[in-house]
Amino acid sequence: MNKLRLIGFFILFSVFFTSCLNDEEGEDREKTVEMTIYPETGYGAAVLSNIITQPLIFSDSDDNEKRMLVDIITEGFDFDYERGYEYTLKVKKVWMAEPPQDVSSIKYIFIELLSKKKVIAEDSEEDLNLFVSSETVLFTPRFPSEYVETEHGQEIKIYDALYVKNNATNEWMALTEIEGFNYEAGYEYELNVKKVTTAEPYAVSYVLTDVVSKKLKN
């Protein structure tokens, strides 16, 4: 008889414990963290888009890994971002129990701006070795965005941009121009270029120094 009561108690406890776990799994988890927004943007596109743009690069105090703010839900991020500055924000980090499809299960809710600091304060130059793809990509710049007047009004400007890989870091970029470089579609290139960063106002340009190779893509 005692065994039967013990078994019955165990079953009831298991059902109750499982129910509590399911309730917890069905709720969002939240944590207040500090987010760092870095002074230079990246290059990437949302999952359902074929247009490359310039997402913010960020990390948070709960996870110091740098990554692009793309396919991540944000709320209240209406501060004016300027490249060349590093920002520290107080945000609410939310682990969504039922996230929408095709986005991260984590979203960020803006609470307040803690600091804005000029990080890129001096002009600089950097020598890079780049691979240029045989095909261009669609690209629209941000910070600032560019617009064109059409018969339908003002629309976001979209470029046919060079698709370029930094051979030292394996990072891909979409560049509207490399000064002095004459691109021919269908050819792959290896280039030596100089990256020129101007601090005030912030701007980046790429200047050709040497065409290492030019090869027709099969």
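Modeller: The chain has one helix and 15 strands. Both are DSSP runs, numbered from the N terminus: helices are H or I with at least four residues, strands are E with at least two. This is a predicted model, in which local features need pLDDT of at least 70, side-chain atom pairs count only at pLDDT 80 or more, and totals for chains, interfaces and linings use all residues. Numbering runs from 1 along each chain as its sequence is written, and side-chain values use heavy atoms, with hydrogens and water left out.

Confidence comes next. pLDDT is the predictor's confidence in each residue, from 0 to 100. Its chain average is 89, and 89% of the residues score at least 70. A contact means heavy atoms within 4.5 Å. Of the chain's contacts between residues at least 6 apart in sequence, 62% join residues at least 24 apart.

Now the core. The chain has 218 residues, and 30% of them count as buried. The classes are buried (under 20% relative accessible area), exposed (over 50%) and partly exposed in between, with a 1.4 Å probe and protein chains only. A nonpolar core is a set of buried Ala, Val, Leu, Ile, Met, Phe, Trp, Tyr and Cys residues joined through side-chain atoms within 4.5 Å. The largest one holds 17 residues; M35, I37, L89 and Y108 touch the most other members. At least two of its residues come from each of β1 (29–37), β6 and β7. β6 gives the largest share, with four residues. Apart from this core lies another, of 13 residues, including L128, L162, L191 and V193.

Leaving aside residues up to four places away in sequence, Y108 touches, among others, M35, F58, I72, I73, F77 and V91. Its partners also include the charged residues D60, R67, E75, K92 and K93.

Next, the loops. The one between β6 (85–95) and β7 (106–118) holds E98. E98 counts as exposed because its relative accessibility is 71%.

S134 lies in the loop between β8 (124–132) and β9 (137–139). Its relative accessibility is 10%, so S134 counts as buried. Beyond four places in sequence, S134 touches Y183, A185, G186, Y187, E188 and K217.

Two cis peptide bonds are worth checking. One runs from F143 to P144, with omega near 5°. P144 is placed in the loop between β9 and β10 (147–150). Another joins E200 and P201, with omega about -10°. P201 is in the loop between β14 (187–198) and β15 (203–216).

Last, the surface. L138, Y147, I156 and I158 form a nonpolar patch there, with about 340 Å² of accessible area together. I156 belongs to strand β11 (residues 153–156). I156 counts as partly exposed because its relative accessibility is 38%. Patch members have over 30% relative accessible area and no salt bridge; like charges are joined within 9 Å, nonpolar side chains (Val, Leu, Ile, Met, Phe, Trp, Tyr) within 5 Å. A salt bridge puts a side-chain nitrogen of Lys or Arg within 4 Å of a carboxyl oxygen of Asp or Glu. Accessible areas come from the Shrake-Rupley method with a 1.4 Å probe; for residues, only the protein chains shown count as cover.
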